[in-house]
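Welcome! Take a look at it first, then read on.

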Amino acid sequence: RAAMGGHDAARHNLGAWEWKHNSNYNRAKKHFMIAARAGYDNSLKMIRDMFTAGHVTKEEYEKTLRAHKDSQDEMQSDWRDTAVDVYLKNHSSL
């Protein structure tokens with residue numbers, strides 16, 4: 001349910017399960033690609049490894065890399081960076 005609801009780590013875990021327990025590389029690839037395109041770094045690493053092993057095409061890998069970067073760029077903002085700086089300044093004992 002969490003994976004279907006957009007939880008990237010859950011989607012990644014489904015991919016890992018398919019890879020390890022079912023040796024279903026195509027299904028694992030789909031789960032990893034969805035999570036990686038949403039910005040989940042661990043899934044991008046798995047896609048890279050699958051590309052190296054020949055389970056992912058160059059085109060699939062490139063599309064996933066672009067989508068991952070776009071997702072990461074969307075999450076970045078000056079406001080967010082400022083908020084983190086203010087938080088760390090006010091909680092410097094952490």
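The notes below go from the overall fold to the core and then to a ring pair.

This is a predicted model, in which local features need pLDDT of at least 70, side-chain atom pairs count only at pLDDT 80 or more, and totals for chains, interfaces and linings use all residues. Residues are numbered from 1 along each chain as its sequence is written, and side-chain values use heavy atoms, with hydrogens and water left out.

**Overall fold**
- The protein has five helices and zero strands; helices (H or I, at least four residues) and strands (E, at least two) are DSSP runs, numbered from the N terminus.
- Along its principal axes, the C-alpha trace spans about 50 × 25 × 25 Å.
- Of the 94 residues, 24% count as buried, meaning under 20% relative accessible area, with exposed over 50% and partly exposed in between (1.4 Å probe, protein chains only).

**The core**
- The largest nonpolar core has seven residues: A28, F32, M33, I47, M50, V56 and Y61.
- Such a core is a set of buried Ala, Val, Leu, Ile, Met, Phe, Trp, Tyr and Cys residues joined through side-chain atoms within 4.5 Å.
- Helix 2 gives the most to this core, with three residues.

**A ring pair**
- A search of the whole structure finds two aromatic pairs; rings of Phe, Tyr and Trp (its six-membered ring) pair if their centres lie within 6.5 Å, and planes under 30 degrees apart count as stacked, over 60 as edge-to-face and the rest as tilted.
- The rings of F51 and Y61 are stacked, because their centres are 4.8 Å apart and their planes at 15°.
- F51 is partly exposed at 30% relative accessibility, whereas Y61 is buried at 15%.
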